[in-house]
Amino acid sequence: MGLASAEFRSCDYTSPAKLQSDATKMPNLFMARAIELSIENVRTGRGGPFGAVVVKDGKMIAEAANNVTGTNDPTAHAEILAIREACRKLDAFELTGCEIYTSCEPCPMCLGAIYWARPDRVYYGNTAADAAKVGFDDSFIYDEIPLPLDQRKIPMVQMMPDEAIEGFRAWEKQANKVPY
């Protein structure tokens, strides 16, 4: 069961506008730590100015800073690394009951990972516009997503669909699969 067909689970719903106004007014130790990680990361030269923290039941269970250039891994964003660590510690592939605090509004890749991880809430410091002003502009990705495949800057070419479908057929028949 993929995310598109799964019911999105969340804890107590509070309107985004109310969360925004409440959250911007209060100091928070978890957000302060995410921001501190972003600053430390720049000062030590390990990567970009991004930090993230995952919290469950009021306790920090994972933290990470961007490590793209340190590992030559374009997926080593702070949110991705923190999600991986939190899932490892919780021995789960979802972060239900958790909150993510990140020093910046998540990029498209991190946003996708966050939705797959299904935390209850995400708090962020800087906006995507703030990031763009200092050279981290991901608007081109958002521009590419709605384009037909044949119009994207990176060509997307389907190959061997008849053979590839066998993986999905095997999944459908698998009796002991773990849906996600």
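Author: The dialogue that follows treats the sheet, the covering of residues, a surface patch and backbone torsions.

Reader: Which conventions apply to this model?

Author: This is a predicted model, so local features need pLDDT of at least 70 and side-chain atom pairs count only at pLDDT 80 or more, while totals for chains, interfaces and linings use all residues. Residues are numbered from 1 along each chain as its sequence is written, and side-chain values use heavy atoms, with hydrogens and water left out.

Reader: How many helices and strands are in the protein, and in what order do the elements run?

Author: Helices (H or I, at least four residues) and strands (E, at least two) are DSSP runs, numbered from the N terminus. Here the protein has eight helices and four strands. From the N terminus on, the order is α-α-β-β-α-α-β-α-β-α-α-α.

Reader: In what order do the strands form the sheet?

Author: In general, strands of a sheet pair through backbone hydrogen bonds, either parallel or antiparallel. Two strands are taken as paired if DSSP finds at least two bridges between them. In this model the four strands make an open sheet of mixed pairing, in the order S2-S1-S3-S4. Strand S2 (59-65) and strand S4 (121-126) are the edge strands, each pairing on one side only. From one strand to the next, the twist averages 15°; axes are lines fitted to C-alpha atoms, for helices over the stretch in contact, and angles run from 0 to 180 degrees between N-to-C directions.

Reader: In which sense does each pair of strands run, parallel or antiparallel?

Author: Strand S1 (residues 51-56) pairs with S2 in the antiparallel sense over six bridges, and Lys56 stands opposite Lys59 in S2. S1 and S3 are also paired in the antiparallel sense, over five bridges, with Val55 opposite Glu99 in S3. S3 and S4, by contrast, pair in the parallel sense over five bridges; there Tyr101 stands opposite Tyr123 in S4.

Reader: Which helix lies across S1, S2 and strand S3 (98-104)?

Author: Helix H4 (residues 78-90) does so, and runs at about 140° to S2.

Reader: How much of the protein counts as buried?

Author: Buried means under 20% relative accessible area, exposed over 50%, and partly exposed in between (1.4 Å probe, protein chains only). Of the 180 residues of the protein, 28% are buried. S3 is mostly covered, with six of its seven residues buried.

Reader: Why does Ser38 count as buried, and which residues does Ser38 touch?

Author: Ser38, found in helix H2 (residues 29-44), counts as buried because its relative accessible area is 8%. Contact means heavy atoms within 4.5 Å. Leaving aside residues up to four places away in sequence, Ser38 touches Gly48, Pro49, Phe50, Gly51 and Ser103. For the protein, 52% of the contacts between residues at least 6 apart in sequence join residues at least 24 apart.

Reader: Which residues form the nonpolar patch on the surface?

Author: Patches are made of residues with over 30% relative accessible area and no salt bridge; like charges are joined within 9 Å, and nonpolar side chains (Val, Leu, Ile, Met, Phe, Trp, Tyr) within 5 Å. A salt bridge is a side-chain nitrogen of Lys or Arg within 4 Å of a carboxyl oxygen of Asp or Glu. Accessible areas come from the Shrake-Rupley method with a 1.4 Å probe, and for residues only the protein chains shown count as cover. The patch consists of Leu111, Tyr115, Phe140, Ile141, Tyr142 and Ile145, with about 560 Å² of accessible area together. Helix H5 (108-117) and helix H7 (139-144) are the elements that give two or more residues, and H7 gives the most, with three. Ile145 is placed in the loop between H7 and helix H8 (161-173) and is partly exposed, at a relative accessible area of 49%.
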